[in-house]
Amino acid sequence: MHISRLQFVSVPVADHVKARKFYVDVLGFELVVDFAGPHGQFVMVAPPGAQTGVVLVDFSIDGRGVGGPVHLQFHTDDLDGDIAELRAAGVAAGNPQEAPWGRMTSFTDLDGNPISLLQASRMGDRPN
């Protein structure tokens, strides 16, 4: 496997605007990304200098309502190689998909929590 770090954790919130204000203004996190995505506004915050972010979501993730499971996304340098390794281990990893933020695939853990592997994204290319 070529997983190098945890990229972000999606945290369901009732209102991403209020949550952003709390994380940035109260906790001192930096605003990393804030743009319109396919499901609504995509807001990611992170502690200063951190490589791992928190995505504040006020929309359903994979059809599961707010308050559902946490979505994990990992950055990889070799998406195709990792898909092959996952499949060899019996994991039902999807085919690579192109998205505005990079190439990715998805699968679930044993409890049904969604996990994505992402390669060559704007977010994944943050300096170390």
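Q: Which residues of helix H2 (residues 79-88) are buried?
A: Leu-79, Asp-82, Ile-83 and Leu-86 are buried there. Buried means under 20% relative accessible area, exposed is over 50%, and partly exposed is in between, with a 1.4 Å probe and protein chains only. Helices (H or I, at least four residues) and strands (E, at least two) are DSSP runs, numbered from the N terminus.

Q: And what do I need to know about the model itself?
A: This is a predicted model: local features need pLDDT of at least 70, side-chain atom pairs count only at pLDDT 80 or more, and totals for chains, interfaces and linings use all residues. Residues are numbered from 1 along each chain as its sequence is written, and side-chain values use heavy atoms, with hydrogens and water left out.

Q: OK, what comes after H2?
A: Gly-90 follows H2, and its phi is positive, near 90 degrees.

Q: Zooming out, what pattern does the protein follow along the sequence?
A: It reads β-α-β-β-β-β-α-β-β-β, with two helices and eight strands in total.

Q: How much of the protein is buried?
A: Buried residues are 38% of the 128 residues. The accessible surface is about 6,900 Å², and 56% of that belongs to carbon and sulfur atoms. Those areas come from the Shrake-Rupley method with a 1.4 Å probe; for residues, only the protein chains shown count as cover.

Q: How many aromatic pairs are there?
A: Three. Rings of Phe, Tyr and Trp (its six-membered ring) pair if their centres lie within 6.5 Å; planes under 30 degrees apart count as stacked, over 60 as edge-to-face, and the rest as tilted. One of them is Phe-8 with Phe-42, edge-to-face at 6.0 Å centre to centre and 75 degrees between the planes.

Q: What does that pair tie together?
A: Phe-8 sits in strand E1 (residues 3-12) and Phe-42 in strand E3 (residues 40-46), so the pair ties together parts 34 residues apart in sequence.

Q: Where does Leu-27 sit?
A: Leu-27 is in the loop between helix H1 (16-26) and strand E2 (30-37). Leu-27 is partly exposed, with a relative accessible area of 43%.
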